[in-house]
Amino acid sequence: MGAWLHDSMTWGNAVIIFLWSAVFLLVVLGFVTYAIYFERKVIGWMQLRIGPNRVGPLGLLQTVADIFKLLIKEDTIPRKADRFLFVLAPILCYVPAFAVLAVIPYSEKLYFADLNVGLLYYAALSGISTLAIVLGGWASNNKYALLGGMRSAAQMISYEVPLVISVVGVIMLSSSLNLKDIVAAQSGGWFWDWNFIPQIIGFVIFMIAAVSELNRTPFDLPEAESELVAGYHVEYSGFRFAFFMLSEYVYVYAIAALTTVLFLGGWHAPAPFLDFVPGILWFVLKFAFIVFFLFWIRASFPRIRVDQLMGLGWKVLLPVSLLNVFLTAGYLELFVK
Amino acid sequence: MFNIDFNGEFAAFSILSAVMIIGAVFMVSLQKVVHMVISMAAVFLGLAGMFVLLDAEFVAFVQVLIYAGAVSILMIFGIMMTNHQNKQADPVKPLHETLSAIAALCLFGMLFYAIRTTDFPDAQPLEGVQNNTFSIGELLYTGYVVPFELLSVLLTVAFIGAIAIAKKGED
């Protein structure tokens, strides 16, 4: 599919590319709708509740109803808010969230942009969403929103550093920044050829930093409801609020897909005799497991304190991720060359 | 003088230049500091787009990561930490402004003329142009390894110096 990007741009090609993007957008929106349902159900079961079960069979239409409610709500902008930035912030938040999805390869044939700096592209664009969250918090002209925005800026910058450094080991092993090549470098046939075993330190750091980047429990301090009402989106309602929530769940999709690609071997089967199953199914299975894992963490851990948060990021994760780079370099120098 | 062929690259170039120029003008002329930072971020993003047009993806996305992301957030953070009252605008001095505008136009004319009349030799295609990220890495760690390491030491010194200065203010 990505091969079309290398053809010359005719009207026919433009229409095909546009239609595929539309299909992909619908897939992502469908994922977001049912990820929210799934999250509420799973957390409900883990806490011995039933979860949503009223709207539609098994409550399957609950999220659809919620989204419909958000879209028809009154769109309010506080009188003392900075109107321009207040309107700009949700847009600036969800555009990068969708843009990062362009580089993720799903199987050998199914990918969108085959970019040679795919990983860097992801890291760079996801930083723009942080900017949007801070701006949203500031533009609301509300102290809780501002505190939430500040916390989010501090947290997301602090955890982006170990997140990026923890994948340096993977880049060194596959000697490429291209996500397709990174998956191709994990093709040994067995599951121990995937990066998560040789890069176990990097993998653990990546997961911790990723949960923090997603602002999810136990790192959901930017929207700690017991301290900050709701954090940076206190003043947002209706579809602007929906856009913030949408980008949050699109990032769940992006991080789960990125983890699958970087550490869990992408579309490769765990054992050679399982090769007959199409690669896309393996991708979806691993992807679904990561998404479930994120919900599982949310239901299991308490929120950590704000003073512990920075200490963990700078004093534990950063040195350990640097050590991981050093160990990987030593291993490559001593045993591979 | 205007040997331009109108293709997709030219369209992208025009849009990006418009974004950058408008961003730069707003950066200077807007009243609120946060708005200025946003227009500066637009300039950074436009510049990254220019790098993509020049097939320098690595530089482009490092530009987004460092400037549009980290530097802008740092500036906004700094602005929020400090208190800003909207200052009264300085009284306009017509003569001063006219002279500045003439000087700026002259400078633009000179630069534009110089650029348009210069004969740029065709750049030799580098080896491995397909993967210029790889070439950048290779050059940094072979031909330019000493300046590269010196720069890292300089950055570390600046970093430690910043911490030392911040600590001094705390006492």
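Which residue follows α4(A), and is its phi positive or negative? In this predicted model, the residue in question is N141(A), and its phi is positive, near 60 degrees. Helix α4 of chain A covers residues 118–139, 22 residues in total. From first C-alpha to last, α4(A) reaches 32 Å, close to the 32 Å expected at 1.5 Å a residue. A residue counts as buried when 20 or more other C-beta atoms lie within 10 Å of its own; 22 of the 22 residues of α4(A) are buried, so this helix is largely enclosed by the rest of the structure.

Helix packing in chain A can be followed through another pair. Two packed helices are described by the angle between their axes and the distance between the axes. For helix α5 (residues 143–166) and helix α12 (residues 306–336) of chain A, the axes come within 8 Å and cross at roughly 15 degrees. Because angles under 35 degrees count as roughly parallel, α5(A) is roughly parallel to α12(A). The crossing of α5(A) past α12(A) is left-handed. On the α5(A) side, the contributors include R151(A), A154(A), Y159(A), V161(A) and I165(A). Facing them from α12(A) are, among others, V306(A), L309(A), M310(A), W314(A) and L317(A). By class, this contact has 13 nonpolar, six polar and one charged residues.

Turning to chain B, the secondary structure comes to six helices and zero strands, so that the elements run α-α-α-α-α-α from the N terminus on. Of the 171 residues of chain B, 12% count as buried. Among contacts in chain B between residues at least 6 apart in sequence, 46% join residues at least 24 apart.

One residue of chain B gives a local view. I102(B) has its place in helix α4 of chain B, which spans residues 94–117. With 10 C-beta neighbours inside 10 Å, I102(B) counts as exposed. Between I102(B) and G137(B) there are 35 residues in sequence and, C-alpha to C-alpha, 45 Å in space.

The two chains also meet one another: 19 residues of chain B are in contact with 21 residues of chain A. On the chain B side, the elements giving two or more residues are α2 (33–53) and α3 (57–81). The largest share, 14 residues, comes from α3(B). The residues on this side of chain B divide into 13 nonpolar, five polar and one charged.

Notes
Residues are numbered from 1 along each chain as its sequence is written. Chains are lettered from A and ligands numbered from 1 in the order in which they are written. This is a predicted model: local features need pLDDT of at least 70, side-chain atom pairs count only at pLDDT 80 or more; totals for chains, interfaces and linings use all residues. Two residues are in contact if their C-beta atoms, placed from the backbone, lie within 7 Å. Helices (H or I, at least four residues) and strands (E, at least two) are DSSP runs, numbered from the N terminus. Ala, Val, Leu, Ile, Met, Phe, Trp, Tyr, Cys and Pro count as nonpolar, Asp, Glu, Lys and Arg as charged, and the others, Gly among them, as polar. The expected span of a helix is 1.5 Å times one less than its number of residues. Axes are lines fitted to C-alpha atoms, for helices over the stretch in contact, and angles run from 0 to 180 degrees between N-to-C directions. Angles under 35 degrees count as roughly parallel, over 145 as roughly antiparallel, 65 to 115 as roughly perpendicular and the rest as oblique. A crossing is left-handed if the near helix is turned anticlockwise from the far one by less than a right angle, and right-handed if clockwise.
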